[in-house]
Amino acid sequence: MKKPAIDYADFAEYDRRQRGIERHVLAAFLGGLAVGLVGMLVSQSGPAWLRHLYDPYAYLALAIALGVTAQGFGWAALSTFLAAVSTLVAAMGASALHGGDFTFDVIGGSASGLNWTLIMLVGLGLLAYVARRKDHWGDLAAGAVGGALLADVVDRSTPGFIAAENGFWPAVAAVVGGLSIAAVIALRNTLAGRLRALVISGVLAGVATIVLTDELWGPFWAAF
C-alpha cells in the first residue's frame with residue numbers, strides 16, 4: 001500500500017502567509033506608535049502648515065497603506081484599528097509627557113474630531129483593501145477613498161463648514177488634494193479603472209459638498 005504523498009509546498013505557503021500576517025500586524029502597531037509620537041511633536045513645535053498636513057492625513061495615509069497590504073478583509077480591519085489605537089495611545093502619552101492633559105482629543109482637535117478621524121482610519125483601510133479587486137467594486141472602493149479625502153479637504157478649506165481651519169487654504173489644500181488624486185490613481189492598475197475611480201471621487205466629493213452647504217445655509221433658506 002502506497003503512503004499518501006504530502007505536499008510540503010502547501011505547508012510552506014501557509015507558513016509564509018502566517019508570518020506575513022504577523023509582520024503586518026506588528027507593523028500596524030509600531031507604525032501607529034511612530035505616527036502618533038511624531039504627530040504629537042509636530043503639534044507641539046511644528047509650523048502651522050505642517051500641523052494641518054500631518055493631522056489627520058499622515059494617519060489616513062498609514063491606514064490606506066495597511067489596507068492595501070492586508071492579507072484579508074478581517075486582517076485589514078484589525079490592523080487599521082490596531083494602528084488607530086496605538087496612534088491615539090502614543091499621542092496621549094507624548095502629550096502628557098510634554099505637560100499637557102492626558103485626554104482623548106489630542107488627535108482631531110476635539111472629541112468629535114477624534115471620532116471622525118478614527119472612523120476615517122478604519123473606513124479608509126477597509127476601502128483600500130477592497131480597492132485591490134480588479135472589477136468595478138475595486139473602482140468604486142478606490143473612488144470612495146478619493147471622495148472621502150477630497151470631501152474632507154473641502155470641509156477644512158471652506159469658511160463656515162464643520163471642520164473649517166484657518167491657514168488650510170490654499171497651499172495645504174492643494175497638496176492634500178493632489179495627493180488624494182495620486183492615491184486614487186495608484187490604487188488602480190488600468191487607465192479605464194483610474195478614470196472611473198476619479199469620476200466616482202469627484203461625484204462623491206460633490207455630493208458631500210452639497211450636503212455641507214445645505215447644512216450651512218439650511219437655516220438661512222428656511223427663514224424665507
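This is a short talk on a predicted model of one protein chain, from its overall make-up down to a few side chains.

I'll start with the whole chain. Its secondary structure comes to eight helices and zero strands. Reading along the sequence, the pattern is α-α-α-α-α-α-α-α. The chain has 224 residues, and buried residues make up 36% of them. Now take the contacts in the chain with a separation of 6 or more: residues 24 or more positions apart account for 66% of them.

Next, helix 7, which covers residues 171-187. How far apart are its end C-alpha atoms? They are 25 Å apart. At 1.5 Å a residue, the 17 residues should span 24 Å, so the two values agree. Which residues of this helix are buried? They are Val172, Ala173, Val176, Gly177, Ser180, Val184 and Leu187. Looking down the axis of helix 7, these buried residues fall within an arc of 125°, so they line one face of the helix. On the other side, Ala171, Ala174, Leu179 and Ala186 are exposed. If you want the reason behind such a pattern, an α-helix has 3.6 residues a turn, so residues three or four places apart point the same way.

Trp169 and Pro170 are joined by a cis peptide bond, with omega at about 5°. Pro170 sits in the loop between helix 6 and helix 7. For background, most peptide bonds are trans.

Now the aromatic rings. The structure holds three aromatic pairs, and I'll describe two of them. Tyr54 and Tyr59 form an edge-to-face pair, 5.7 Å centre to centre, with 90° between the planes. Are these two buried or exposed? Tyr54 has a relative accessible area of 15%, so Tyr54 is buried. Tyr59 is buried as well, at 4%.

The other pair is Tyr57 with Phe168, and this one is tilted: 6.2 Å centre to centre and 40° between the planes. Where do the two residues lie? Tyr57 is in helix 3, residues 57-69, while Phe168 is in the loop between helix 6 and helix 7. The pair therefore ties together parts that are 111 residues apart in sequence. Both Tyr57 and Phe168 are buried.

Last, two threonines in helix 4. Helix 4 runs over residues 73-97, and Thr87 is in it. Thr80 lies in helix 4 too.

Take Thr80 to begin with. Its relative accessibility is 1%, and the cut-off for buried is under 20%, so Thr80 counts as buried. The Thr80 side chain reaches the backbone oxygen of Ala76 at 2.7 Å. What does Thr80 touch, leaving out residues up to four places away in sequence? The list is Ala63, Leu66, Gly67, Leu121, Val122 and Gly125.

Then Thr87, which counts as buried at 4% relative accessibility. A polar atom of the Thr87 side chain lies 2.7 Å from the backbone oxygen of Ala83. The side chain of Thr87 also reaches the backbone oxygen of Gly32, at 3.0 Å.

To recap: eight helices and zero strands, a helix 7 with its buried residues along one face, and a Tyr57–Phe168 pair that ties together parts 111 residues apart in sequence.

Terms used: Residues numbered from 1 in each chain as written. Predicted model: local features only at pLDDT ≥ 70, side-chain atom pairs only at ≥ 80, totals over all residues. Heavy atoms only, no water. Helix = DSSP H or I, 4+ residues; strand = E, 2+ residues; numbered from the N terminus. Expected span 1.5 Å × (residues − 1). Buried < 20%, exposed > 50% of the residue type's maximum accessible area, 1.4 Å probe, protein only. Arc of directions from axis to C-beta. Polar contact = N/O pair within 3.5 Å; in protein donor to acceptor, adjacent residues only side chain to side chain. Phe/Tyr/Trp six-rings, centres within 6.5 Å; stacked < 30°, edge-to-face > 60°. Contact = heavy atoms within 4.5 Å.
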